[in-house]
Amino acid sequence: MALLVHFFLKELMEETKKLDYEPKEEREVYEERLANRLGIKTTAGREALKVALDNVVLLDKKHQDYGPRNIEKHGLIGIIVRMDDKFERLAKIFKRKRRRAVNESIRDTFRDICNYAIIALLVDSGKWPKE
């Protein structure tokens, strides 16, 4: 079952990358198929899947730009520092009671934190690529 899900996810991610140019309805079909295959039943789970897929696409695009060395160079400590920078940024915005950021949206900051957590899990499990 895990192998089937792995291959389906790989296929789906390739299709999801193409969806920048395809109608929204088609993306929803792919998301629905994946949710059904994974047995995700709740609305919260299905919405989380959509967010997660968007984050993986963003992570992949940034990885293409940066490569693996910026993470490999400092490892988990470097990731923690980057996450801390993001948390400090959020705290500053919320302390000012201003929900609008100037240079980066709050949503983008949350997405970056999620992706740093994913990267940390990959590094910790030895699955972060070396090249």
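The second largest pocket in this predicted model holds about 280 Å³ of space. A pocket here is an open set of points on a 1 Å grid over the protein atoms alone, where a 1.4 Å probe fits, with protein on both sides within 12 Å along at least five of seven lines. The volume is the space filled by probe spheres set on the points, which are joined across faces, edges and corners. Its lining, meaning residues with an atom within 4 Å of a point, counts 14 residues, and Lys62, Tyr66, Asn70, Tyr116 and Ile119 are the closest to the centre. Helices α3, α4 (69-95) and α5 (106-124) each give at least two residues to this lining.

Before going on, a word on the model. Residues are numbered from 1 along each chain as its sequence is written, and side-chain values use heavy atoms, with hydrogens and water left out. As the model is predicted, local features need pLDDT of at least 70 and side-chain atom pairs count only at pLDDT 80 or more, while totals for chains, interfaces and linings use all residues.

The chain has five helices and zero strands, where helices (H or I, at least four residues) and strands (E, at least two) are DSSP runs numbered from the N terminus. Of its 131 residues, 28% are buried, that is, under 20% relative accessible area, with exposed over 50% and partly exposed in between (1.4 Å probe, protein chains only).

Now to one helix pair. Helix α2 (residues 24-38) packs on helix α3 (residues 43-66) at an angle of about 115°, and their axes are 10 Å apart. The axes are lines fitted to C-alpha atoms over the stretch in contact, and angles run from 0 to 180 degrees between N-to-C directions. From α2, residues including Arg27, Glu31 and Leu38 meet α3 residues, among them Arg46, Lys50 and Asp54; contact means heavy atoms within 4.5 Å.

| Residue set | Nonpolar | Polar | Charged |
|---|---|---|---|
| Contact of α2 with α3 | five residues | one residue | six residues |

Glutamate 32 sits in α2 and counts as partly exposed because its relative accessibility is 40%. Aspartate 112, in α5, counts as buried because its relative accessibility is 9%. Beyond its neighbours within four places in sequence, aspartate 112 touches Leu58, Lys62, Lys86 and Glu104.

Definitions and conventions:
Ala, Val, Leu, Ile, Met, Phe, Trp, Tyr, Cys and Pro count as nonpolar, Asp, Glu, Lys and Arg as charged, and the others, Gly among them, as polar.
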